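Reader: I have a structure to go through and I'm new to this. Can we take it step by step?
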Amino acid sequence: MQRQDEFSLDAVTASERGVGWRGISTEKVAITSPFECVYFDASVGRKTLFFDSLRYIFQGALDKELCTVLLLMAAQVLGTSVSPKVSLTVLTSIGFIGMIFTPITQQLVNRSRWNNMQISALYFLLISITFFCAAFATSWVIFFMFMAVARIFDKQQIPLMIDVYCDNYPRAHRGFKVGTALACMPVGGIIFSQCARYLGDKSPHHLCHALWLASLLALLCAICFLKIPARKVVAASHLPLWDNFKWIARDRLFRSVLIFYSLIAIANQMTLPLRLEYLANHKQGLAPGTILAIFAVIQPLASIISGPLWGKLYDRVHWITMRQCVTACFLVGIPLFFATDNINMIYLASILLGIGRSGGVIFWSLWVSNVAPRDKIGAYMSANTAVMGLRDALAPLLGYILLEYAGPWTVGITAFILLVIALLGFEYLYRRSILRR
């Protein structure tokens, strides 16, 4: 039997009425292969989009911004000899390392009686409990342990959404719907991080209130997951827990995309700490408010506005073409950011980087569905998540080593070379016959 990806790259779309697996009137939207016709329930798609968007607003508040505020407040209340910057770096690394185990937890999910959204709700219920318990911590070590556990549970949920997207969204509109939902995540981060900062500025001893707020947000995320329609992915047999890792070795296309994608991710992650340091030491002496505006306002706004547009592009062009467009944003934005002292050019570069980040998140959330057999999408996505965790844990370390021993220019040049190699690599994949109809 031929691979699914040989047929699904140029999906034929239609808009007819039919009856879907849920037993109610549905919208026939896509044909994913010459042998398979898929029916989608339009009302299910709308419900999924609403609660997924609402979930991203709440989850955006639980991301890096709010954790930064909580670490700062905890350092003042509980006292610690470790700087918040180091603590945040360690906490982020713990989350990335936790992603390496997602193929194993995915196998456990398939063995359970619950569907993906019920398991996702369980993860966020546990996150809510950890935040609530952290409010009663009396030492920095105990507080940090609760935060680390919450970060690990958060990362285990990542591979569980793609099956829901493929079931509930037609291929012709999947990118736009996912992009619209993802655009809500920075909104939640901006709103709720400001609330937490207000509590911190008013009194650092309001740490308990901020943690209770975080607990409530995680609980709301869990409720949203339960509202998203999902079917149970039934495991054919009890495969070994590490079985999902095998697809990296067996599927040459999947492995090639992972390699080239990793080069792009490493190039981007390497330069993240450099951007803040570059602005802090800018020749014109940029004010802290200007630096904050670039990272907390300009880039998130660029991501919010461009998200649905990237989704539309994903729906209308070849997925490799979209990947090349996203890479082009980084290929222009990163050198432009470091090559000029003109603040307007830095603003432009920041916008490009924000746009590129938005497109990259959408692409990462969906590209596996273009190369994996339909019944193996969850397994492939868990392996993809594990590779992401490994590379994102190592990339900042590589950037710091190059910065320490070779200087910032070497880091910038290395990132540029990695992006060019990835661009050429994806072009090679696109031209291969396996990726053409």
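Author: Start with a term: rings of Phe, Tyr and Trp (its six-membered ring) pair if their centres lie within 6.5 Å, and planes under 30 degrees apart count as stacked, over 60 as edge-to-face and the rest as tilted. Ring pairs link Trp 247, Phe 254, Tyr 261, Trp 319, Phe 363, Trp 367 and Tyr 380 into a cluster.

Reader: What is the mean pLDDT of the chain?
Author: The mean pLDDT (the predictor's confidence in each residue, from 0 to 100) is 81, and 84% of the residues reach 70 or more.

Reader: Where does pLDDT stay under 50?
Author: Over residues 1-37, for which the model still has 86 contacts beyond four places in sequence; contact means heavy atoms within 4.5 Å. Where pLDDT is low, the predicted coordinates should not be read in detail.

Reader: Back to rings. How many aromatic pairs are there?
Author: The structure holds 16. In one of them, Phe 136 and Trp 212 have ring centres 6.4 Å apart and planes at 50°, so the pair is tilted. Phe 136 is in the loop between helix 6 (116-134) and helix 7 (140-156), Trp 212 is in helix 11 (residues 207-227), and they are 76 residues apart. Helices here are DSSP runs (H or I, at least four residues), numbered from the N terminus.

Reader: Is Phe 136 buried or exposed?
Author: Phe 136 is exposed, at 52% relative accessibility, while Trp 212 is partly exposed at 37%. The cut-offs are under 20% relative accessible area for buried, over 50% for exposed, and partly exposed in between (1.4 Å probe, protein chains only).

Reader: And Phe 254 with Trp 367, how far is it centre to centre?
Author: That distance is 5.6 Å, with 25° between the planes, and the pair is stacked. Phe 254 lies in helix 13 (residues 252-280) and Trp 367 in the loop between helix 16 and helix 17, so the pair ties together parts 113 residues apart in sequence. Both residues are buried.

Reader: New topic. How many salt bridges are there?
Author: Ten. A salt bridge is a side-chain nitrogen of Lys or Arg within 4 Å of a carboxyl oxygen of Asp or Glu.

Reader: Which residues does Arg 374 bridge to?
Author: Asp 163 is one, at 3.1 Å from N to O. Arg 374 lies in the loop between helix 16 (343-366) and helix 17 (377-406) and Asp 163 in helix 8 (residues 161-168), so this pair ties together parts that are 211 residues apart in sequence. Asp 167 is another, with the closest N and O atoms 2.5 Å apart.

Reader: Is Asp 167 buried or exposed?
Author: Asp 167 is buried, at 14%, and Asp 163 is also buried, at 6%. Arg 374 is partly exposed, at 21%.

Reader: What does Lys 246 pair with?
Author: Lys 246 forms a salt bridge with Asp 243, at 3.2 Å between the closest N and O atoms. Asp 243 is buried, at 11%.

Key
Residues are numbered from 1 along each chain as its sequence is written. This is a predicted model: local features need pLDDT of at least 70, side-chain atom pairs count only at pLDDT 80 or more; totals for chains, interfaces and linings use all residues. Side-chain values use heavy atoms; hydrogens and water are left out. Helices (H or I, at least four residues) and strands (E, at least two) are DSSP runs, numbered from the N terminus.
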